[in-house]
Protein chains: 2
Amino acid sequence: MSKDDTQDNNQEKCVVLLSGGLDSATCLAVARDQGYACHTMAVDYGQRHRAELTASEKLSRAMGAVDHKVLHIDLRQIGGSALTDDIDVPQQREQGIPVTYVPARNTIFLSMALAYAETLDAQRIFIGVNQVDYSGYPDCRPEFIQAFENLAQLATKAGVEGRPITIETPLLTLNKAQIIRLGHDLGVDYSLTVSCYQADVHGRACGRCDSCHYRKKGFAEAGIADPTPYQPQHG
Amino acid sequence: MSKDDTQDNNQEKCVVLLSGGLDSATCLAVARDQGYACHTMAVDYGQRHRAELTASEKLSRAMGAVDHKVLHIDLRQIGGSALTDDIDVPQQREQGIPVTYVPARNTIFLSMALAYAETLDAQRIFIGVNQVDYSGYPDCRPEFIQAFENLAQLATKAGVEGRPITIETPLLTLNKAQIIRLGHDLGVDYSLTVSCYQADVHGRACGRCDSCHYRKKGFAEAGIADPTPYQPQHG
């Protein structure tokens, strides 16, 4: 889709939260496939894996989004997660709610997307949450999304005036392999995406953390060659 | 209350959203009066009336809060309000939802307070919203607060683990005069607060905007002398 195509005035707008990971890239592909003019948004929250932000910008351009916005909010000022603090990211999968859980992260991200959607007069926010591989995160559950949608209707001028903003979660019930197959069919270049919690400055993955584990397993189960660039020491 | 008193380990913690205005200062006084160790938070969202942020810090110190945090998030990147954009602030009261409405502002502020509360292990967030004088703002209504509290329970590790974080709105049904009387009884120094949308660098109010109108009327109705510093040109 060329830039000109996306600027058709009759086209409905949407906001896509685009972290730069595999899930959000697939989510953008779905929104594009449904015909929306996509306004992508990344949040620079002081995450340790800065490579995500670079990936997000590249993906937005490569996938023909109308524009890309990076919102800055330093969650390190609040603290409480291995993704922003100096807590070690575990190399093995954990039980329960992981230390990589960032307090209220999706609530904050969706709130910002909500403000942006209202300003753009967009009625859809796409977010690539899924409850299958991220069952440990409270803010990846359908009941959370439902509660946010309910809030969005009450919180905004748009909602009060009868143009409610809905939260679209096309990946909610898919496992990693299904997500990869979906994105592959929609032409996502997964080599541009970064999932690793400890990616290096070139965006190369560690191959050992929780997130790498899920991603590798996903490509294997999908029967699709893994295009992920890994760090040299990866066995 | 001295700093040492507030650091009693048995004291329950709370987060207070402290904008630096009359309402939030009163809200902090109520939280303090209820015996909480208060952690105040202001949000620097690129508001045009920067005097608010200075007022917030002074109030936090004067009222014996445990600490004060300023979170930076530039909502001008999103736009859509006379409080952050170059839209003129109206001098007269408006009908419907005012142009000073910032898209999803309270949703964003509460989301950040939620992350902070979870990190502190605080179970209460105080916010000085009221539906009487701000009936035009969708995110000052009790149904909005109820929806956010519902979301908070589902969104957080604390909520999932049975320590739900509640939203306390002690001013919700009070009018301005009642708020002023309450704060006056609790010892709030209102000369430190800034309500004006167009306060100057010294924190002096314009005396003409929507917010000044409500404030003046409040002091008059409460029968309490208005300690607000006004700009010289004020008639």
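**Close-up views of a predicted two-chain model**

**View 1. The contact between chain A and chain B.** In this predicted model, the contact draws 38 residues from chain A and 38 residues from chain B. On the side of chain A that touches chain B, the elements that contribute two or more residues are β3 (67-72), α4 (105-120), α5 (142-155) and α6 (157-160) of chain A. Of these, α4(A) gives the most, with nine residues. Sorted by class, this side of chain A comprises 21 nonpolar, 10 polar and seven charged residues.

**View 2. The axis that relates the two copies.** Chain A is superposed on chain B by a rotation of 180 degrees with 0.0 Å of shift along its axis, and the RMSD of this superposition is 0.0 Å. The two copies are therefore related as by a two-fold rotation axis. Within chain A, the C-alpha nearest the axis belongs to A:I73, which places that atom 2.5 Å from the axis. Both copies use the same surface, in that 100% of the contact residues of chain A recur in chain B.

View 3. Five strands of chain B form an open sheet in the order β3-β2-β1-β4-β5, with parallel pairing. Its edge strands are β3 (67-72) and β5 (166-168) of chain B, each of which pairs on one side only. On average, and with direction ignored, neighbouring strands of the sheet are turned by 25 degrees against each other. Strand β2 (residues 37-44) of chain B pairs with β3(B) in the parallel sense, over six bridges, and B:H39 stands opposite B:D67 in β3(B). Helix α3 (residues 51-62) of chain B packs on the sheet, where it touches β2 and β3 of chain B, and the direction of this helix makes about 170 degrees with that of β2(B).

**View 4. The crossing of α2 and α7 in chain A.** Helix α2 (residues 22-33) of chain A and helix α7 (residues 176-185) of chain A have axes that come within 9 Å and cross at roughly 45 degrees. With this angle, α2(A) is oblique to α7(A), and the crossing of the two helices is left-handed. The residues that make the contact are A:L22, A:D23, A:A25, A:T26 and A:A29 on α2(A), together with A:I179, A:L182 and A:G183 on α7(A). By class, the residues of this contact of α2(A) with α7(A) divide into five nonpolar, two polar and one charged.

**View 5. The packing of α7 against α8 in chain A.** Helix α7(A) also packs with helix α8 (residues 210-222) of chain A, at an angle of about 65 degrees and with the two axes 7 Å apart. At this angle, α7(A) is roughly perpendicular to α8(A), and the crossing of α7(A) and α8(A) is right-handed. From α7(A), the contact is made by A:K176, A:A177, A:I179, A:I180 and A:R181, and from α8(A) by A:Y214, A:R215, A:K217, A:G218, A:F219, A:E221 and A:A222. The contact of α7(A) with α8(A) has six nonpolar, one polar and five charged residues. A:I179 of α7(A) takes part in this contact with α8(A) and also in the contact of α7(A) with α2(A).

Technical notes: Residues are numbered from 1 along each chain as its sequence is written. Chains are lettered from A and ligands numbered from 1 in the order in which they are written. This is a predicted model: local features need pLDDT of at least 70, side-chain atom pairs count only at pLDDT 80 or more; totals for chains, interfaces and linings use all residues. Copies are superposed by least squares on the C-alpha atoms of residues with pLDDT of at least 70 in both. Two residues are in contact if their C-beta atoms, placed from the backbone, lie within 7 Å. Axes are lines fitted to C-alpha atoms, for helices over the stretch in contact, and angles run from 0 to 180 degrees between N-to-C directions. Helices (H or I, at least four residues) and strands (E, at least two) are DSSP runs, numbered from the N terminus. Angles under 35 degrees count as roughly parallel, over 145 as roughly antiparallel, 65 to 115 as roughly perpendicular and the rest as oblique. A crossing is left-handed if the near helix is turned anticlockwise from the far one by less than a right angle, and right-handed if clockwise. Ala, Val, Leu, Ile, Met, Phe, Trp, Tyr, Cys and Pro count as nonpolar, Asp, Glu, Lys and Arg as charged, and the others, Gly among them, as polar. Two strands pair if DSSP finds at least two bridges between them.
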